[in-house]
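The paragraphs below go through one structure by way of its salt bridges, helices and cores. Please keep the sequence and the coordinates at hand while reading.

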Amino acid sequence: MNRRERIIDIKALLRCTLEKWRLLIIAGLICAAVMGGMEGYTQYKAYRKGVEAEAAQAEEAAASAGSQESASLKDQELKMMSDRLEEKNRYYSESILGKIDPANEGFASADLIISARPAQTADQAESDSEYNYIRSREFNILNFYTNAALYRTDLTEAAEALGTKAQLLGELITVTDSNKSDSMITIKVIYPTQEGAKTILDSVVGQVSDLYAEAQRTYGEHTFTIANEVSSTIVDTAMYKWSNNRAAEITALINSRKTLDKNLSSGTTTAKKAVTISKKSAVKAAVRRGAIGLLAGIFGALALVALYLIMTGVVLSGRELNRQYSLRRIACIPGRKYGSLKGPDKWVASIDSAYYNHPNRATCVQVANANLETLLGAAGRDAQVAMVGDLSDEYLEKAAAEFTKTARAAGSRVRYYAVPLSSQTPEGVEAIRRCDAAVLVAKAGRSTYKGVGDVLDTAELLGRDVAGSVVFV
């Protein structure tokens, strides 16, 4: 009778799980190698960092030895650091770049296009040397206009219109080589407002245009065109990076001044000694982490194997199977090599060995044959027994042959027949009806409760009660 709710035999589950001890060790070794290797690499980096820090401190100490000769030199060093910080603060507070909202930035640009090619008729072709000469001239001309836009423009008038200083406008102007093949540069201006950017751009473009005659005299005939003048309000993500960099510079200077001030007040500029680790301690840490990884891998794999056995509904032992379906134990038989097992295999196999009829397989089969004769009563010695189960036909046939051979050797006329019921056939139905009794054959670790349940249901449907079970472990 099926108890419906399966009660898992912990001892049997442990045995079935530990039978995979080689797999568990492999999993542990893999985890040990991974975790130990990662820790070793981390320790190696820490060791190298400590060595480099010690070397850097030695160099710094040697370099600063001369600066510690007198208190006046120390004061000069601190004053220089403070002056640099004040200059950075003053620049950041006055800079127009610092006042630009990156999400609402004023922008204006214009393309400056030149060409040094002479007019040609349709039948004229430009040689390679002529082409290279023209490109060289155009390159020099573009450099002239680029330098003029960046360094020769007077931004005083634009600054007055915007109510600021001319020297603050220079960093708002950039010139880029937009398209080398077309001999073109792009003049770009940014400002807190679109109108301000347009004012600065107009001033720059106007003054660069006024230098056309000078460029003609210096570099020869060429055309000069201002095109694509645009102005708008844009989102400039690069400005976020600019602000962050400036803030980081000031923060670094403040921290450096605090450190220097503290060291000077204590009479030394020597930094705190770097923390280093030895090779021996690094190796020990890697070995410890590897040992933890070994245990974690073993126990993790142990849990996964156990979960797999439970989830797949595998039969774990004869004791558990008989308890689940209220079957008689005709025999619980150990594997063929049970007597020759050694080491971990022997220990694992002995965990649930108390349920075996006998440690020797042949003796177990003899006991099973005697038990069946007793169960079948007076007709037992001449009975025909159907061996049913969810195992393969080949496995059942070998079991039937082994039991029949043992019965003959004992002088018994009991005959055993393999009758798989996992898939019904007319021959199987007729065979089980001709038999006097049926015995369930299962194998721990291979048979499943689903398969065994189906076999028992089929046997009951055919009107043949199962006398008991023979479980191979």
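Is D454 buried, partly exposed or exposed? In this predicted model, D454 has a relative accessibility of 38% and therefore counts as partly exposed. The partner of D454 in a salt bridge is K450, with 3.6 Å between the closest N and O atoms. Both residues belong to helix α15, which covers residues 449–461, and they sit four residues apart, about one turn of the helix. K450 is exposed, at a relative accessible area of 63%.

The structure holds seven salt bridges. Another of them joins R152 to E214, whose closest N and O atoms are 3.2 Å apart. This pair links distant parts of the chain, since R152 is in helix α4 and E214 in helix α7 (residues 212–219), 62 residues apart. R152 is partly exposed, with a relative accessible area of 44%, and E214 is also partly exposed, with 25%.

D202 counts as partly exposed at 35% relative accessibility, and K198 is partly exposed at 30%.

What of the length of α6? Its 17 residues should span 24 Å at 1.5 Å a residue, and this agrees with the 24 Å between its end C-alpha atoms. The buried residues of α6 are G196, A197, I200, L201, S203, V204, V205 and V208. One of them, S203, has a relative accessibility of 17%; because buried means under 20%, S203 falls in that class. Apart from neighbours within four places in sequence, S203 is in contact with D154, L155 and A158.

Helix α6 also takes part in the largest nonpolar core. That core has 40 residues, and those touching the most other members are Y145, L169, L172, I200, V204 and V208. Two or more residues come from each of β1 (105–115), α4 (128–152), α5 (156–162), β2 (173–179), β3 (184–191), α6 and α8 (238–265). The most is given by α4, with seven residues. As for L172, its contacts beyond four places in sequence are I96, L97, I100, K188, V189, I190, Y191 and I200. A second, separate core has 27 residues, among them V419, A438, A442 and V471.

V230 is part of strand β4 (residues 223–234) and is partly exposed, with a relative accessible area of 41%. Leaving out neighbours within four places in sequence, V230 touches F107, A108, S109 and L201.

Next comes helix α12, residues 361–376. Its 16 residues should span 22 Å at 1.5 Å a residue, which agrees with the 23 Å between its end C-alpha atoms. Buried in α12 are R361, C364, V365, A368, N369, L372 and E373. The cover over these buried residues includes β5 (329–333), β6 (384–388), α13 (393–409), β7 (415–418), β8 (437–443) and β9 (466–472).

Last, the surface. I26, I30, V34 and M38 make a nonpolar surface patch of about 400 Å². V34 lies in helix α2, residues 21–64, and is partly exposed, with a relative accessible area of 46%.

Methods
Residues are numbered from 1 along each chain as its sequence is written. This is a predicted model: local features need pLDDT of at least 70, side-chain atom pairs count only at pLDDT 80 or more; totals for chains, interfaces and linings use all residues. Side-chain values use heavy atoms; hydrogens and water are left out. Patches are made of residues with over 30% relative accessible area and no salt bridge: like charges are joined within 9 Å, nonpolar side chains (Val, Leu, Ile, Met, Phe, Trp, Tyr) within 5 Å. Accessible areas come from the Shrake-Rupley method with a 1.4 Å probe; for residues, only the protein chains shown count as cover. A salt bridge is a side-chain nitrogen of Lys or Arg within 4 Å of a carboxyl oxygen of Asp or Glu. Buried means under 20% relative accessible area, exposed over 50%, partly exposed in between (1.4 Å probe, protein chains only). Contact means heavy atoms within 4.5 Å. The expected span of a helix is 1.5 Å times one less than its number of residues. A nonpolar core is a set of buried Ala, Val, Leu, Ile, Met, Phe, Trp, Tyr and Cys residues joined through side-chain atoms within 4.5 Å.
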